[in-house]
Amino acid sequence: MNSKRKIPVAEPAIGEEELKYVTEAVASGWVSSAGSFINRFEKSFAEYCDSKYAFATSSGTGALHLALESLDITAGDEVIVPTFSFIATANAVSYTGAKPIFVDSESNTWNIDPELIEAAVSENTKAIIAVHLYGHPAKMDAILQLASKYKLSVIEDAAEAHGALYKDRKVGNIGSLGCFSFYGNKTITTGEGGMIVTDNVKLAEKLKLLRDHGMSSKQRYLHTILGYNYRMTNLQAALGVAQLNKIDSLLHAKNQIAVKYNKLLKNIPGINLPTENEWALRSTWLYTITVDKDIFGKNRDQLMVFLDSCGIDTRPTFPPMHMQPIYNTGQSLPIAENLSKIGISLPSSVNLLDSDIERVALAIKTFYDSN
Ligand SMILES: Cc1ncc(COP(=O)(O)O)c(C=O)c1O
């Protein structure tokens, strides 16, 4: 099997249109954060999310940080986050001086368990970040209900969930602010990059200031608040415009990959397929399964090593953030702790061939049969 090409977990789908637009941006001389592609990308992305405003940023992490800053979250405040997420979710909170408060996940959606949020609320709590992890929407109604009870803001971390639907609504425009990532392995990419969407005009005005060093829109070099440089470049936005033009076909292709994997893996004992609640339309970012070692006969790590030896790249699920050395809260959050040990993302690029998917599934079956 080693003689075949290594199948990566995620590769961007960059085509002719991307090349054309980036070339156009380069040729125009607008290589930094002014230029027509920025406005085009923001406008189209706002439309795509059914949001009024969209602000392109240099990364998804920067988008989260700006979103928190726009809500005036600062030292002494607390922000509730799911422990089962990529570290950026908590780090963005820490950048503001506030404290991330970690909450366990639901075992089916893998997202923050709304039933556990209330116990984490204190007099210092200012916001909840709902992460739509691995493309499955979080339970927004329950989260919004609690937020309204305690007068908290809700930020959606939709970095992994472009195009996912929560009860027919696009994720990102359900809370006060929604944040996206366009890192190279995401559903659409700008190399590095992010976006914040909101319907709130006050937050929109603040975001614009914060993204550009707090510089007044009326007077150049007049800085009214402490801001940042989290601007996206026109080159990145050119890539983004081309990617967004084909997002429906990319999402469809990803969905087809999930359908194929589901069909091939469903009868392998101990392999649990991704789930989808009846109120959700998940957007497959990375196709991620779990391994029940008592039934499968080997654990997740052993499966990863075996697949690697077959020329198949995989990724483990995120370690829970409350156990990361920088946070290390000493909490016991068992669902997330378990999911982080048993989850494995399989190759999920849109350019996967059917034969690649078959090769991955066959390797997993072969490993199971070797018990
Ligand atoms: C859940 C989540 N939040 C935030 C981010 C941060 O995005 P970026 O890498 O663009 O800074 C990522 C991804 O990388 C992510 O997966």
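Visitor: Which domains does the protein chain have?
Guide: The domain assignment gives domain 1, residues 16-245, and domain 2, residues 247-369. Keep in mind that the model is predicted.

Visitor: How far apart are the C-alpha centres of domain 1 and domain 2?
Guide: Those centres lie 26 Å apart. The contact takes 44 residues from domain 1 and 38 residues from domain 2.

Visitor: What area is buried between domain 1 and domain 2?
Guide: About 3,400 Å² is buried between the two domains, and carbon and sulfur atoms give 65% of that area. In general, the size of an interface is often given as the accessible area lost when the parts come together.

Visitor: OK, and how many salt bridges are there between domain 1 and domain 2?
Guide: The count is 0 salt bridges between domain 1 and domain 2.

Visitor: Which elements supply at least two residues each to the side of domain 1 that touches domain 2?
Guide: They are β2 (78-82), α4 (88-95), β3 (99-103), β6 and α7 (234-245). Helix α4 gives the most to that side, with 4 residues.

Visitor: How do the residues of that side of domain 1 divide into nonpolar, polar and charged?
Guide: On the side of domain 1 that touches domain 2, 21 residues are nonpolar, 17 are polar and 6 are charged.

Visitor: You listed β6. Which sheet order includes β6?
Guide: Strand β6 belongs to an open sheet of 3 strands in the order β7-β6-β11, with antiparallel pairing. The edge strands, β7 (169-170) and β11 (280-281), each pair on one side only.

Visitor: How many bridges join β6 and β7?
Guide: Strand β6, residues 165-166, pairs with β7 over 2 bridges in the antiparallel sense. Opposite Arg169 in β7 stands Tyr166. As background, strands of a sheet pair through backbone hydrogen bonds, either parallel or antiparallel.

Visitor: Back to salt bridges. How many does the structure hold?
Guide: The structure holds 14 salt bridges. One of the pairs is Asp356 with Arg5, whose closest N and O atoms are 2.6 Å apart.

Visitor: Where in the chain are Asp356 and Arg5?
Guide: Asp356 is in helix α12 (residues 354-369), while Arg5 is in the segment before α1 (16-28). The pair links distant parts of the chain, 351 residues apart.

Definitions and conventions
Residues numbered from 1 in each chain as written. Predicted model: local features only at pLDDT ≥ 70, side-chain atom pairs only at ≥ 80, totals over all residues. Heavy atoms only, no water. Pairing = 2+ DSSP bridges. Domains from an automatic or database assignment. Contact = heavy atoms within 4.5 Å. Buried area = accessible area lost by both parts, 1.4 Å probe. Salt bridge = Lys/Arg side-chain N within 4 Å of Asp/Glu carboxyl O. Nonpolar A, V, L, I, M, F, W, Y, C, P; charged D, E, K, R; others polar.
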